[in-house]
Amino acid sequence: MEQYVIKGGKPLYGTVRVQGAKNSALPILAATLLVEGIHEIRDVPHLSDIDVMGRILKALGVRMRWDGNNIKLETSTIKTSRIPESLMRQMRSSIFLMGPMLSRLHEVIITPPGGCAIGARPIDLHLKGLSLLGAKIEEGDGFIRCTATKLRGADIHLDLPSVGATENIMMAAVRAEGITVIRNAAREPEIADLESFLNRMGADVSGAGTPTVVIRGVPRLHSVSYEVIPDRIVAGTLAAAAAMTGGEILLTHVVMDHMGSTLELLERTGAILKFEGDSLWVKGSSQLKAVGNVVTGPYPGFPTDMQPQLMALLSVTAGSSNISERIFDGRFKHVKELVRMGAKLHPLKNSVEIEGVSHLHGATVQATDLRAGAALVIAGLAAHGTTRVLGLHHIDRGYDHLDRTLLQLGGQIQRWSGKVASC
């Protein structure tokens, strides 16, 4: 079984460039299906989720080639509207393919998507939005079939500001007849990045990053070359690792405006932050402080994808904190793993009380989802002794060779296969 073996207690030092954003790259790769031609998507991270998306695109008939962190796609050769069930179940983000395939092929057949087990994430909002655009939805025998001879603009109000539903509706609507308005839209930076990509292709989309997105349908699009934005969650994870280990690192390729709530909380713990251009300097404090109450929320609120990492950091602060999770109902599975490492955490119904301790100690722990795995890794970097983190397939979904990045910063971490491991 693959595992990270981490010898903790060593501060992180050095400079590292932040990878491109997974949550931008996935919908943008899906959006290339909107039009025939050759696309180039740049700064795409090497992740298992990206690999699954690539295998889905190839199964559909797309020709695809990696060149470093850039991907070239020939989308003129699509041969089917059915997404293979085995691949669909491996990654929730495969749902992004519905909008562009429905727009271009007038049909898409899927099975319910998979992904991390962090709570209920129904696709009802996706289906409702596509239905309002004119799609006919048929469900049965474990599949969902959407068809539409013509899509027409509509006024769509989302019951929740779902990132995936906002993006799927945007992609379906860019070639629909008339104007589509998405109200109560999600506001994440990755949605604005998708808007930029679509507009580069010739679409007419405005308002992404606000609660109201307007899409004016256009008759045609064209293929383009495009670079995805930096990954704000990876940047936040590395910044938290520097703070937790008492280190000092420089992160380049960062968009500070995307990280407001995360950086505010890091500063409240006593970490010192300085910004210059696209660079973020982070220095840990010798005495980290508790921050009181934290509540996750839709952007620009504190991101649920940073909640486990912040919990790890707060577990070694002076004082008591509380984190309430308002996005997903199953995102506290890392709590018992951090407790194995000596954290004093007291789970309540939808929150966790955190009583800071002087230090954590090494243990064998299990990553239960992507961000929980990242939290356990940074906890291991700060802990006394050796930590073994199992379940690396979760971490590989969102971090491009995390061990190599941390080694670059002086972390003592190795990836091992098999039952016996040592640093």
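N23 is located in helix α1. This is a predicted model, in which local features need pLDDT of at least 70 and side-chain atom pairs count only at pLDDT 80 or more, while totals for chains, interfaces and linings use all residues. Residues are numbered from 1 along each chain as its sequence is written, and side-chain values use heavy atoms, with hydrogens and water left out. Helices (H or I, at least four residues) and strands (E, at least two) are DSSP runs, numbered from the N terminus.

**Annotated positions in helix α1**

- The unreviewed UniProt entry lists K22 and N23 under "binding site"; UniProt positions are given in the numbering used here, feature names are shortened, and annotations may be inferred rather than shown by experiment.
- K22 is also part of helix α1, which covers residues 22-31.
- K22 counts as buried because its relative accessibility is 5%, where buried means under 20% relative accessible area, exposed over 50%, and partly exposed in between (1.4 Å probe, protein chains only).
- N23, at 27% relative accessibility, therefore counts as partly exposed.
- Leaving out residues up to four places away in sequence, N23 touches E167, E190, D305 and R371; contact means heavy atoms within 4.5 Å.
- With residues up to four places away in sequence not counted, the contacts of K22 include P45, L47, D49, D231, L370, R397 and G398.

- R371 lies in helix α12, residues 370-382.
- R371 has a relative accessible area of 2% and so is buried.
- The side chains of R371 and Y399 are joined by a polar contact of 3.0 Å. A polar contact is a pair of N or O atoms within 3.5 Å; within protein, one must be able to donate a hydrogen and the other to accept it, and residues adjacent in sequence count only if both atoms are side-chain atoms.

- Four strands form an open sheet in the order β9-β10-β12-β11, with mixed pairing. Two strands pair if DSSP finds at least two bridges between them.
- β9 (155-157) and β11 (204-206) are the edge strands, each pairing on one side only.
- On average, neighbouring strands of this sheet are turned by 15 degrees against each other, direction ignored. Axes are lines fitted to C-alpha atoms, for helices over the stretch in contact, and angles run from 0 to 180 degrees between N-to-C directions.
- β11 and β12 (residues 212-216) run antiparallel and are joined by three bridges; S206 stands opposite V214 in β12.
- Helix α6 (residues 163-173) lies across β9, β10 (179-183), β11 and β12, and runs at about 175 degrees to β10.
- Ten of the eleven residues of α6 are buried, so this helix is largely enclosed by the rest of the structure.
- Among the buried residues of α6 are E167, I169, M170, A172 and A173.

- β7 (residues 136-140) and β8 (residues 143-147) pair in the antiparallel sense over five bridges, and E138 stands opposite R145 in β8.
- The two strands β7 and β8 form a hairpin with two residues between them, and D141 in the turn has a positive phi of about 55 degrees.
- β6 and β8 run antiparallel and are joined by four bridges; I110 stands opposite I144 in β8.
- In β6 (residues 107-110), E107 and I109 point one way and V108 and I110 the other way, and all are buried.

**Nonpolar cores**

- The largest nonpolar core has 74 residues, of which L57, I83, L97, L133, M170, F197 and L198 touch the most other members. A nonpolar core is a set of buried Ala, Val, Leu, Ile, Met, Phe, Trp, Tyr and Cys residues joined through side-chain atoms within 4.5 Å.
- Another core, of 69 residues, lies apart from the largest one and includes I323, V357, L360 and A374.
- Leaving aside neighbours within four places in sequence, L133 is in contact with residues including K150, I156, I169, A172, A173 and T180.

**An exposed loop residue**

- K79 lies in the loop between β5 (70-74) and α3 (85-88), and counts as exposed because its relative accessibility is 66%.
- K79 touches A59, L60 and G61, not counting residues up to four places away in sequence.
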